[in-house]
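Colleague: I'm new to this one. Can you put it up and walk me through it?

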Amino acid sequence: MDFGWILIAIIAGLFLWVYVDFMLGRKKHLANAKTNTLPVRESNLAIFAEGPKLFEDLFSELKNAKQHIHILFYIVQDDKISQKFLSILKQKVKDGVEVRLMVDWVGSGLKRKTIKSLKAAGVEFAYSQMPKLPFLFYSSQVRNHRKITVIDGKIAYLGGFNIGNEYNNQDPKLSPWRDYHLKMTGEGVTDLQSEFLEDWRAAAKVNLLQNKAYFPSLEKGTIRQQLVPTEGILLEEMMSDLISNAKTSIFIGTPYFIPSKRVFSLLRDAIKRGVSVTVLVPLVSDHALVKEASYPYLRTLIRDGAEVYQYLNGFYHSKALLVDDTVCDIGTANFDKRSMFLNYELNCLIYDVDFIKKIKLILTEDILNSRKAALDDFTRSLLKEKAASTISYFL
């Protein structure tokens with residue numbers, strides 16, 4: 001057997017291993033995924049759409065922490081804004097505050113030296129979703145994309161921002177960075193604390209869920225909301241329900257528009273029954289092939305009668321789904337297959353009309369900073385689109 005045939009056999013074997021690993025890993029994932037539904041709560045909410053304003057508020061609240069700080073981010077970079085963030089955590093340990101920091105194993109940009117210094121300072125650190133046998137490929141694709149901060153069990157944050165210079169408008173290509181992040185007080189914080197501690201138990205192998213110190217008594221707020229944690233299952237169902245029940249309008253804001261077959265079909269059905277559909281995506285991309293992967297869907301929607309806008313004022317990383325101006329979904333999940341079928345995500349359904357009006361002001365501003373797209377803006381590139389389509393599940 002010559003070298004060429006040996007190489008072909010090796011490649012074929014590799015593809016077979018990846019396929020079997022993925023299919024069996026997916027089967028195990030679905031069998032073990034948590035599918036509980038959290039209750040509708042009454043909380044107080046604020047929304048941030050700019051990194052500098054969010055970080056100013058977040059860092060201030062962290063500095064005021066008295067008992068415990070629990071933080072999960074998909075990404076914490078090892079740069080200027082991150083060092084400021086980590087310095088605050090180290091100082092709070094010195095002040096006698098318990099600090100736990102969890103980051104995704106793939107997403108995080110922290111260096112070993114930095115992690116070592118955090119642990120030496122007394123910060124409890126854990127990686128979430130480390131790849132593991134026997135399904136090494138599949139487990140390497142399942143990312144914890146959640147962003148949770150809980151301070152003293154009373155103040156919490158969730159949304160699209162991570163910790164890094166680009167999120168603080170310090171990346172020449174992607175600035176200003178546009179994102180949506182929620183600050184929460186009131187009874188809903190209990191659910192965010194529980195979700196963090198569930199993930200901490202999985203990552204650090206320490207169960208703190210029964211410790212009442214992390215669950216202080218909380219008063220009700222004024223805004224009806226419901227947290228929706230998903231684990232590669234249920235997100236497609238949630239989005240499908242929202243789209244199916246739309247009567248007049250649907251707004252989708254996302255950096256990556258790569259919907260599942262079911263969700264895309266429901267969107268097209270909504271247009272056919274007279275629902276106004278608006279999609280806002282970035283003009284500038286931060287990852288290879290994600291734009292090309294979205295082109296076939298966006299072209300089809302434009303032909304169906306939807307309005308598609310491309311954001312011009314920096315990079316649009318926001319995640320929003322607004323239906324009939326009566327329910328709005330803000331969280332960590334993108335409108336793509338990865339979020340629907342692989343990632344651990346955390347979204348917040350908001351049912352308060354007055355708060356939704358505040359969100360709509362932000363959405364309107366973002367539309368004004370965009371241009372309405374035409375079919376020509378999504379010129380067909382057969383090779384790139386084929387490549388993007390082949391790996392769209394993982395983009």
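Colleague: Leaving aside its neighbours within four places in sequence, what is Phe85 in contact with?

Modeller: One thing before that: this is a predicted model. With neighbours within four places in sequence left aside, Phe85 is in contact with Phe59, Leu62, Ile71, Phe73, Val76, Leu101 and Ile163.

Colleague: And which residues have the most contacts inside the largest nonpolar core?

Modeller: Phe85 is among them, along with Leu62, Leu89, Leu101, Ile250 and Phe257. That core has 80 residues. Helix H9, residues 290–304, gives the most to this core, with seven residues. Apart from it lies another core, of 41 residues, and Leu38, Val189, Leu197 and Leu363 are among its members.

Colleague: Back to the rings. How many aromatic pairs are there?

Modeller: The count comes to 18 aromatic pairs. Phe73 and Phe85 form one that is edge-to-face, at 6.2 Å centre to centre and with 85° between the planes.

Colleague: Which parts does that pair tie together?

Modeller: Phe73 lies in strand S2 (residues 68–73) and Phe85 in helix H3 (residues 80–94), so the pair ties together parts that are twelve residues apart in sequence.

Colleague: Are those two buried or exposed?

Modeller: Both Phe73 and Phe85 are buried.

Colleague: What about Phe264 and Tyr297, how far apart are the centres of their rings?

Modeller: The centres are 5.0 Å apart and the planes are at 80°, so Phe264 and Tyr297 make an edge-to-face pair. Phe264 is in helix H8 and Tyr297 in helix H9, so this pair ties together parts that are 33 residues apart in sequence.

Colleague: Why does Phe264 count as buried? And why does Tyr297?

Modeller: The cut-off is under 20% relative accessible area. Phe264 counts as buried because its relative accessibility is 11%. Tyr297 counts as buried too, because its value is 17%.

Colleague: Which residues form the aromatic cluster with Phe85?

Modeller: Phe55, Phe59, Phe73 and Phe161 form one aromatic cluster with Phe85.

Colleague: Switching to helices. At what angle do H7 and H8 pack?

Modeller: About 5°, with their axes 9 Å apart. That makes H7 roughly parallel to H8. Helix H7 covers residues 235–244, and helix H8 covers residues 261–272.

Colleague: Which residues meet there?

Modeller: On the H7 side you have Glu236, Glu237, Met239, Ser240, Ile243 and Ser244, and they meet Arg262, Val263, Leu266, Leu267 and Ala270 in H8. The residues of this contact divide into six nonpolar, two polar and three charged.

Colleague: New topic: where's the cis peptide bond with Pro134?

Modeller: It joins Leu133 and Pro134, with omega about 10°. Pro134 sits in the loop between strand S4 (124–128) and helix H5 (136–141). The peptide bond from Ser175 to Pro176 is cis as well, with omega near -5°. You'll find Pro176 in the loop between strand S6 (155–159) and strand S7 (177–186).

Colleague: While we're on the backbone, what's the phi of Lys205?

Modeller: Lys205 has a positive phi of about 60°, although it is not a glycine. Lys205 lies in the loop between helix H6 (189–204) and strand S8 (223–231). With a relative accessible area of 67%, Lys205 is exposed.

Colleague: And Asp325, what's its phi?

Modeller: Asp325 also isn't a glycine, and its phi is positive, about 60°. Asp325 is in the loop between strand S13 (320–323) and strand S14 (327–331). Asp325 is partly exposed, with a relative accessible area of 31%.

Colleague: Last topic: where is Asn369 found?

Modeller: In the loop between helix H11 (353–368) and strand S16 (370–372). Asn369 is partly exposed, at 27% relative accessible area. Leaving aside neighbours within four places in sequence, Asn369 is in contact with Tyr311, Leu312 and Asn313.

Colleague: How many residues apart are Ser389 and Ala293 in sequence?

Modeller: Ser389 and Ala293 are 96 residues apart in sequence, and in space they are 5.7 Å apart, C-alpha to C-alpha. Ser389 is in helix H12 (residues 382–390). Its relative accessible area is 48%, so Ser389 is partly exposed.

Technical notes: Residues are numbered from 1 along each chain as its sequence is written. This is a predicted model: local features need pLDDT of at least 70, side-chain atom pairs count only at pLDDT 80 or more; totals for chains, interfaces and linings use all residues. Side-chain values use heavy atoms; hydrogens and water are left out. Axes are lines fitted to C-alpha atoms, for helices over the stretch in contact, and angles run from 0 to 180 degrees between N-to-C directions. Helices (H or I, at least four residues) and strands (E, at least two) are DSSP runs, numbered from the N terminus. Angles under 35 degrees count as roughly parallel, over 145 as roughly antiparallel, 65 to 115 as roughly perpendicular and the rest as oblique. Contact means heavy atoms within 4.5 Å. Ala, Val, Leu, Ile, Met, Phe, Trp, Tyr, Cys and Pro count as nonpolar, Asp, Glu, Lys and Arg as charged, and the others, Gly among them, as polar. A nonpolar core is a set of buried Ala, Val, Leu, Ile, Met, Phe, Trp, Tyr and Cys residues joined through side-chain atoms within 4.5 Å. Buried means under 20% relative accessible area, exposed over 50%, partly exposed in between (1.4 Å probe, protein chains only). Rings of Phe, Tyr and Trp (its six-membered ring) pair if their centres lie within 6.5 Å; planes under 30 degrees apart count as stacked, over 60 as edge-to-face and the rest as tilted.
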